[in-house]
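I'm opening my notebook on this one and jotting down what I look up as I go.

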Number of protein chains: 4
Amino acid sequence: MRPSRSFASDNNAGVHPGVLKFIAAVNQGHAVGYGDDAYTDRAVRQFKRHFGKDIEVFFVFNGTGANALGLRALTNSYHAIICAQAAHIYVDECGAPEKFTGCKLLPVRTENGKLTVEAVRAAYHGIGDQHHVQPRVISITQASEVGTVYRPEEIRSLAQFAHQHGMFLHADGARIANAAASLKQNLRAATSDLGIDVLSFGATKNGGLGADAVVFFDARLAADFRFYRKQGMQLASKMRFLSAQFAALFEGDLWLRNAQHANRMARLLEGKLRRNPNIKIVYPVEANGVFAQIPASAIAKLQKRYFFYLWDDEQSVVRWMCSWDTSEQDVEQFVNFVNQIVRA
Amino acid sequence: MRPSRSFASDNNAGVHPGVLKFIAAVNQGHAVGYGDDAYTDRAVRQFKRHFGKDIEVFFVFNGTGANALGLRALTNSYHAIICAQAAHIYVDECGAPEKFTGCKLLPVRTENGKLTVEAVRAAYHGIGDQHHVQPRVISITQASEVGTVYRPEEIRSLAQFAHQHGMFLHADGARIANAAASLKQNLRAATSDLGIDVLSFGATKNGGLGADAVVFFDARLAADFRFYRKQGMQLASKMRFLSAQFAALFEGDLWLRNAQHANRMARLLEGKLRRNPNIKIVYPVEANGVFAQIPASAIAKLQKRYFFYLWDDEQSVVRWMCSWDTSEQDVEQFVNFVNQIVRA
Amino acid sequence: MRPSRSFASDNNAGVHPGVLKFIAAVNQGHAVGYGDDAYTDRAVRQFKRHFGKDIEVFFVFNGTGANALGLRALTNSYHAIICAQAAHIYVDECGAPEKFTGCKLLPVRTENGKLTVEAVRAAYHGIGDQHHVQPRVISITQASEVGTVYRPEEIRSLAQFAHQHGMFLHADGARIANAAASLKQNLRAATSDLGIDVLSFGATKNGGLGADAVVFFDARLAADFRFYRKQGMQLASKMRFLSAQFAALFEGDLWLRNAQHANRMARLLEGKLRRNPNIKIVYPVEANGVFAQIPASAIAKLQKRYFFYLWDDEQSVVRWMCSWDTSEQDVEQFVNFVNQIVRA
Amino acid sequence: MRPSRSFASDNNAGVHPGVLKFIAAVNQGHAVGYGDDAYTDRAVRQFKRHFGKDIEVFFVFNGTGANALGLRALTNSYHAIICAQAAHIYVDECGAPEKFTGCKLLPVRTENGKLTVEAVRAAYHGIGDQHHVQPRVISITQASEVGTVYRPEEIRSLAQFAHQHGMFLHADGARIANAAASLKQNLRAATSDLGIDVLSFGATKNGGLGADAVVFFDARLAADFRFYRKQGMQLASKMRFLSAQFAALFEGDLWLRNAQHANRMARLLEGKLRRNPNIKIVYPVEANGVFAQIPASAIAKLQKRYFFYLWDDEQSVVRWMCSWDTSEQDVEQFVNFVNQIVRA
């Protein structure tokens with residue numbers, strides 16, 4: 001029988017009970033639609049408390065929406081967005097950013113999933129040449145797609161390069177909570193203090209039901225956003241049920257506790273797996289994901305019991321994610337099973 | 001003090017307890033993301049039971065998403081979509097259908113909010129002329145934006161006209177439940193049996209938390225839809241929580257009971273308002289909305305206690321909607337207050 | 001036998017010999033591509049002499065390109081463009097403006113093809129409402145699609161309304177030469193002096209081979225235009241052959257002589273047709289087109305010898321255009337033939 | 001003083017006198033606009049004679065238009081187009097293909113500018129996965145951007161791979177004439193016989209004034225094209241002047257003679273340059289371009305007299321193109337000057 005919790009993805013986890021409680025709690029009487037309600041006001045105030053009072057924040061349905069719309073606010077259609085070759089916006093959103101912004105995404109090879117100023121500089125060219133798309137945004141993913149976390153100084157130099165060259169720094173923060181927890185930073189220190197201009201703040205993988213926020217650290221960039229949100233089909237009528245998710249996550253720093261827990265489970269998993277000499281951990285485990293190279297023949301056998309994704313077919317690398325609800329027992333059972341299949 | 005329930009919109013109502021219960025019930029362990037889970041399978045089976053086994057159905061976040069994506073599946077960018085001048089897709093979606101499909105929407109004047117074959121015929125021209133957009137879809141709203149309901153034979157003739165002219169019939173069914181309840185039809189009789197090709201089936205206004213379904217009555221039209229859904233930023237990762245809403249609404253025909261109730265409250269409201277000679281009901285009350293012409297001077301006074309939308313500024317027409325949770329007492333209190341302000 | 005010149009359209013005429021001479025004259029050796037050549041410099045200087053030294057001007061292939069790209073420079077995708085219901089951009093460009101800008105076009109009913117402030121005001125609503133597209137441009141056609149010409153004060157009031165409401169005034173000037181000739185205004189007096197912000201200046205119908213210019217009266221609006229032109233597929237590599245057409249038309253005011261001639265031929269045609277009591281001229285003949293209501297039975301018979309377009313099928317209105325090359329004899333022969341078919 | 005002819009680009013050359021003669025020749029009386037004229041019929045017949053009677057062909061303004069529109073005819077917005085990293089559509093069209101099609105372009109590293117089946121295979125993945133764009137087109141450039149020419153069997157294997165995997169093979173033929181001349185193939189043997197599905201056939205660089213054709217070898221793919229052409233702002237009203245250019249180039253095989261001449265001049269240039277040991281020819285000279293690595297210090301000195309483009313800044317590689325009008329004397333003078341600057 002399949003276990004009730006897998007290591008496939010942090011979005012395979014359910015909703016944290018504390019979040020569901022808040023959803024039920026705001027389900028009282030009528031509330032004006034589309035965000036003009038008291039629950040949304042409260043959630044916005046909480047964002048301002050964590051990110052600074054001058055931000056603008058908008059709630060949307062999911063991470064792809066947050067990314068594509070946030071990028072739209074920073075670009076015109078002839079612009080280019082520089083990102084990692086493995087970036088979610090480049091690989092996993094079925095072209096949504098291109099379709100909604102009209103821009104070209106310029107993929108850059110990375111080590112450990114993180115852009116560097118050197119790599120960005122090589123992609124930054126053709127400036128002022130009417131035949132070329134014009135680089136306008138550097139987009140990073142924090143924590144990255146391969147479970148690594150940008151160091152503060154790495155983000156600061158990317159921000160500096162961006163701003164010196166008339167560009168913006170965008171961050172896909174589907175796992176920003178995991179990154180901040182990993183770095184022991186508060187949310188502001190982990191984002192606007194480093195020079196990020198626009199952030200997709202993901203709630204879904206952090207215990208939410210389904211919600212993302214687009215946070216603008218310079219309110220002027222948000223001037224048109226409410227129209228882009230509606231035209232981008234991302235304006236919820238019963239907004240209070242998105243807002244409640246953020247409120248729940250901010251309550252008693254649930255966002256942080258969830259992230260810390262998931263990170264800790266990933267380190268636990270890593271530690272146990274490292275004892276098996278036939279398993280190679282291929283990226284530093286800095287957030288809630290473990291990327292392991294295992295014998296190709298083991299994959300199908302493992303997947304019989306545990307659903308998970310192959311990350312790199314050729315290299316036989318698999319991705320195992322921990323969630324807010326992963327237990328130590330889950331890890332132990334999983335590693336035991338792995339060790340049965342991948343014998344040391 | 002403002003009353004806890006208004007007549008502003010059926011999306012100001014909260015989530016039906018039965019729906020919330022289902023959401024909590026599916027919150028068990030992990031489930032594969034993006035719709036490959038058992039809860040989504042169950043909801044799809046329920047749709048097939050109601051709409052026919054050959055349909056294809058996809059869940060999305062909201063009505064604007066359902067409309068724009070459903071229309072995309074039927075069109076190329078040089079096509080035109082014929083709709084009522086007051087259609088939600090024309091007036092209230094901030095250009096989302098145009099942006100996502102590239103098409104032009106051709107607005108048609110209507111009486112009582114309903115397209116007629118005659119009006120559509122007048123908008124159907126320029127066929128084969130490369131300078132003109134090519135009409136490809138007729139889009140109706142059932143129940144309509146002004147609370148009226150197309151008769152079966154009206155839809156049937158629009159479908160016939162569409163199909164005879166190489167077009168499709170699309171229905172924005174944000175309130176299809178209210179229409180079916182009004183006509184005492186089951187869902188299939190109210191839609192595919194009349195020749196509708198693609199339906200946006202709205203759960204949000206019917207007691208849901210936030211979910212819409214795109215129903216294709218000819219599966220071939222759905223061949224590319226999963227890609228459009230993702231590129232259109234409407235693919236939920238924790239899909240089970242959308243699916244659960246539909247499951248709840250189909251359970252014991254909650255969708256029908258909610259719709260019948262809202263419709264009944266609207267008729268109750270209409271009946272009471274009609275006794276006031278200074279209030280004129282301007283559209284037949286056939287679903288859950290009442291459109292009333294009232295003295296202009298009364299509007300602001302009423303809005304002090306009850307939030308609602310002005311429908312037609314010049315004509316001083318207001319829109320009052322009933323919901324699954326509107327009570328007879330709500331209606332009574334509201335009418336009493338209206339009568340205080342608009343004295344007979 | 002068909003006559004060599006018809007009254008179907010001013011774009012059915014060929015190239016004026018003076019224009020062809022300029023094209024041959026610039027065909028000397030190599031010239032840097034994409035507009036960085038001396039011939040283009042010269043043409044730009046001529047534009048500045050006619051329109052003012054602070055303009056920015058860009059050459060494109062055709063009128064649809066000039067319109068769609070000029071409108072793009074003024075809008076974001078959530079904006080709306082208010083135009084006449086018969087506007088070329090609304091009816092005859094197969095949705096190119098919508099496709100390239102993402103905007104909705106709001107059609108307004110007109111009398112004699114001309115927008116009025118009153119009509120525009122009625123279409124200007126939903127401001128600041130995130131559900132609604134936001135009006136951003138008023139677009140007029142000068143001379144209009146039905147051969148009428150806006151009076152200077154009419155344009156001035158539309159410009160004033162636009163600017164007071166945070167909008168721009170765009171003019172489709174496919175026949176701006178005919179309008180200026182009709183009003184006895186120079187080009188600057190006919191455009192920027194009246195408050196037009198962006199102009200499509202058409203050469204094709206005025207004796208060109210195929211060229212249009214987008215003229216920005218506020219250079220700041222043109223900041224991104226060279227990128228939009230390239231991304232809009234409207235950047236000519238051998239630009240000198242577009243530039244030469246403008247140079248030829250400005251040489252000795254050929255543009256004006258061509259327009260005056262075409263206008264004069266239209267008045268001649270009108271005068272002769274008016275003598276036939278079975279022909280009704282339906283719009284004031286103020287530029288180079290004559291719109292006539294004729295017996296429906298005559299249309300096919302006339303088209304056997306003369307190709308032309310039916311303007312309004314139901315009303316039996318036809319469109320007859322004069323060109324730079326229409327001769328008095330052409331008019332006479334045509335009217336004689338018309339009188340044979342439509343007997344007085 | 002600068003010489004009258006440079007080696008900057010084959011689009012810096014003027015119009016071949018034979019082409020200009022045809023343009024003047026069709027400038028007789030009126031012709032119906034938008035392609036419904038006898039001159040266009042003639043040009044279409046000539047295309048059918050060269051490419052086969054079952055083709056469909058459409059004339060557009062330029063290469064970017066031909067590429068973006070041709071690709072649109074083959075794709076939906078969720079598709080991907082596999083191309084070389086140096087492809088014109090990827091690098092030099094300011095994102096026009098992405099903007100018009102909505103697709104993502106997947107750049108592939110190449111040797112000598114040519115795609116291989118192996119490289120394409122590596123980019124072909126994520127098939128059926130809704131998160132990924134779906135590869136639909138392989139696009140090659142023949143002759144390539146670096147002056148090389150695909151061998152017939154290379155194209156044939158790419159076509160075979162494409163068709164076996166539900167994809168199309170598109171060719172950017174801005175220099176298809178040079179490629180066919182180089183391979184001593186007729187146009188059909190060089191294109192449809194090898195499995196190409198859609199071809200951009202460039203006239204501009206081959207002695208034209210400005211014209212491109214989109215050739216569909218399977219007419220069914222062209223069903224919607226006339227609408228895309230108009231919506232893509234690429235429909236010429238005075239079409240006869242585009243058609244005349246093709247007619248001229250087909251007359252007495254001028255297209256072939258122009259291409260053969262340009263290719264021969266490139267080989268002459270190559271031969272002379274190879275004698276200078278400080279100049280390294282970096283790509284096989286198979287068409288009309290020579291790519292040379294020269295001392296970085298020489299570049300600015302050479303550009304003082306001869307305008308040309310730097311191809312690769314870091315590697316100090318320059319691009320020198322020959323045209324239909326390049327003379328042996330031009331080559332000799334240029335090489336003499338190069339040898340003065342880059343001393344052996």
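This is a predicted model: local features need pLDDT of at least 70, side-chain atom pairs count only at pLDDT 80 or more; totals for chains, interfaces and linings use all residues.

How many residues of chain A are in contact with chain B, and how many of chain B with chain A? I get 52 residues of chain A in contact with 51 residues of chain B.

Entry 1, the area between the chains. The size of an interface is often given as the accessible area lost when the parts come together, so I looked that up next. Chain A and chain B bury about 4300 Å² between them, and 56% of that is on carbon and sulfur atoms. Three residues stand out on the chain A side: His30(A), Met233(A) and Lys238(A) supply 20% of the area that chain A buries against chain B, more than any other three residues.

I looked for salt bridges between chain A and chain B and found zero. Polar contacts are another story: I count 37 residue pairs between the two chains, with both residues at pLDDT 80 or more.

On the side of chain A that touches chain B, α1 (17-25), α3 (63-74), α5 (96-101), α9 (225-231) and α10 (240-250) each supply at least two residues. The top giver there is α3(A), with four residues. Sorting that side of chain A by class, I get 21 nonpolar, 22 polar and nine charged residues.

The chain is divided into domain 1 (17-253) and domain 2 (254-341). Their centres, taken over C-alpha atoms, are 27 Å apart. The contact takes 27 residues from domain 1 of chain A and 20 from domain 2. Together these two domains bury about 2000 Å², 57% of it on carbon and sulfur atoms. Val146(A), Asn178(A) and Asp253(A) supply 25% of what domain 1 buries against domain 2, more than any other three residues.

Which residue forms a salt bridge with Glu286(A)? My notes say Arg151(A), with the closest N and O atoms 3.7 Å apart. The count of salt bridges between domain 1 and domain 2 of chain A is one. I also have 15 residue pairs in polar contact between these domains, both residues at pLDDT 80 or more.

Entry 6, the domain 1 side. The elements giving two or more residues to the side that touches domain 2 are α1, α8 (176-183) and α10 of chain A. Here α8(A) gives the most, with five residues. By class, I have 12 nonpolar, nine polar and six charged residues on that side of domain 1.

Conventions. Residues are numbered from 1 along each chain as its sequence is written. Chains are lettered from A and ligands numbered from 1 in the order in which they are written. Side-chain values use heavy atoms; hydrogens and water are left out. Contact means heavy atoms within 4.5 Å. Buried area is the accessible area (1.4 Å probe) that two parts lose on being put together, summed over both. A salt bridge is a side-chain nitrogen of Lys or Arg within 4 Å of a carboxyl oxygen of Asp or Glu. A polar contact is a pair of N or O atoms within 3.5 Å; within protein, one must be able to donate a hydrogen and the other to accept it, and residues adjacent in sequence count only if both atoms are side-chain atoms. Ala, Val, Leu, Ile, Met, Phe, Trp, Tyr, Cys and Pro count as nonpolar, Asp, Glu, Lys and Arg as charged, and the others, Gly among them, as polar. Domain bounds come from an automatic or database domain assignment.
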